[in-house]
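Please keep the model in view while reading.

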Amino acid sequence: MFRNQYDNDISTWSPQGRLHQIEYALEAVKQGSASVGLRSSTHVVLLALKRSSGELASHQQKLFRIDNHMGIAIAGLVSDARVLSNFMRTECMKSKMMYDRPMPGSRLVSLIGDKAQINTQNYGRRPYGVGLLVGSYDEDTGPHLYECLPNANCLEYFAISIGAKSQSAKTYLEKFAKDFGEIDVDALIMHGLHALRETLQQDKELNINNCSIGVVGKGQDWHLIEGDRLKAYLDQLEAGTAPAASSEDLPQGEAMDTE
Amino acid sequence: MFSTYPGQVVVDHPVTVPIEHRFDPYVDNGGTLLSIAGEDFCVVAADTRQSEGYSINSRYVPKSVKLSDKTVISMGGCYADCLTLTKKIQQSMEWYHHAHGKTMSTAAVAQMLSIMLYQKRFFPFYSWCILGGLDEEGKGAVYTYDPVGSYERESCRCAGSASSLIQPFLDNQINFKNQASQKTTLTLDQVLRITKDSFTSATERDIYTGDFLELFVITSKGVEVQKMDLKKD
């Protein structure tokens, strides 16, 4: 009843103690297409469903490389995602320049949280309209998966999903999360694809155009899985077979995708 | 008491006289580097001795850095400037990769380095740069620079403390200057032998060159690094 009076700007509380602008920003994330993240004791896998505006249009890129050891999946306003990913890239380069070692995921995520909080307290600004899943591999502490939201909350997860119909993916992930710890990266990717498939609408299916997978982990820089390799995983998903162990083919260097 | 000359003033108390102190930011850390472009390969070689005056700072500080699978840069002069310039190049290459999804070509890095150097035209990087790599056609490419960014693509070049010893030798052996024999295409093996001989000879006569030689060999297969000993005196 009182919502419309107290939702005009970020610096107005509602009588219920809520900031409606932040909730509207979270809504923008929920409207974006799904992104899924999950991790084992050695790898982090990020998957995303790419939307296209029409038959003739390209599919929107959802996975971004931040550094050799870190990548993100987004849901929500892509333009805000670009700004945040540029910020993350700059911070990673500064870290390498100042301290001669890669930026730890936890530290970068704190910086994102601090940056996002500014927009929730200054008059005239608006919260970022994008949710990030940040996957990073630190040499000393291993793989990490974080969720960063417009409300400036940044939490770490074993598995998480954001975007449209993400609850369906979460249900799948919660069911199988206890298995993720010690499985190899191919099995992890298959679980991720199963979770992502849960977010599809009734008559749609995953194909190499609308599906994006990014992996980072022990001995592997951030890289995207595309083309034939992606098709192989999707075929396994179709067939419902167990994933084949093909870790020796996975690239050691980074690969960049711009679809 | 003292014999004086006209105009001399003698006093019996201490006097203070202004001494001009100037900011002297540059230091020469010595060393020699060279690069030779082949038909389908490129060799970048540099000694690893770092010195200051008559002292040796270290026997192993590499002067060359691999920028990508196709490009290697080598820098002589003031090591601090070389180090920071290298980091700047690497950062710019990373932004390029973020923006375009691919690695910068050797020619693009060459142009960018020239711009970067000239941007500090009035407080230059004291770096003698040589960029070696493969061009977009897969042929060997060598780009040479002065400290403020003047650059040119060449078939071979050496820079650093023993450059005046080695460059004439390279002109004769790589480009067949001032000799009657026919120009032939040199194989990787021949180029490596000429390179190693250049450095062992330079080490004999130049005090700033020696300790170790690090060779980067760039081919279509990637970048291979070789290390060999030089005399340590």
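## The second largest pocket

The model is predicted. Its second largest pocket has a volume of about 500 Å³. A total of 19 residues line this pocket, and those nearest its centre are Lys50(A), Arg51(A), Gln201(A), Lys204(A) and Asn210(A). By class, the lining of the second largest pocket consists of 5 nonpolar, 8 polar and 6 charged residues.

## The largest pocket

The volume of the largest pocket is about 1400 Å³. Among the 50 residues of its lining, Asp67(A), Asn68(A), Lys96(A), Gln90(B) and Glu94(B) are the closest to the centre.

Several elements of chain A each supply at least two lining residues of the largest pocket, including strand E3 (63–67) and helix H2 (78–99). Chain B also takes part, with strand E5 (64–68), strand E6 (71–77) and helix H1 (79–100). H1(B) gives the most to this lining, namely 11 residues. The lining of the largest pocket comprises 18 nonpolar, 14 polar and 18 charged residues.

## Where the chains meet

In the contact between the chains, 12 residues of chain A touch 8 residues of chain B. The buried area between chain A and chain B is about 1000 Å², and carbon and sulfur atoms give 60% of this area.

Between chain A and chain B there are 2 salt bridges. The side chains of Arg65(A) and Glu94(B) form a salt bridge, with an N to O distance of 3.4 Å. On the side of chain A that touches chain B, E3 and H2 of chain A each supply at least two residues. H2(A) gives the most to that side, with 6 residues. The classes there are 4 nonpolar, 3 polar and 5 charged residues.

Definitions and conventions. Residues numbered from 1 in each chain as written. Chains lettered and ligands numbered in written order. Predicted model: local features only at pLDDT ≥ 70, side-chain atom pairs only at ≥ 80, totals over all residues. Heavy atoms only, no water. 1 Å grid on protein atoms, 1.4 Å probe; cavity = no way out; pocket = protein on both sides within 12 Å on 5 of 7 lines; lining within 4 Å. Points joined across faces, edges and corners; volume = space filled by probe spheres on them. Helix = DSSP H or I, 4+ residues; strand = E, 2+ residues; numbered from the N terminus. Nonpolar A, V, L, I, M, F, W, Y, C, P; charged D, E, K, R; others polar. Contact = heavy atoms within 4.5 Å. Buried area = accessible area lost by both parts, 1.4 Å probe. Salt bridge = Lys/Arg side-chain N within 4 Å of Asp/Glu carboxyl O.
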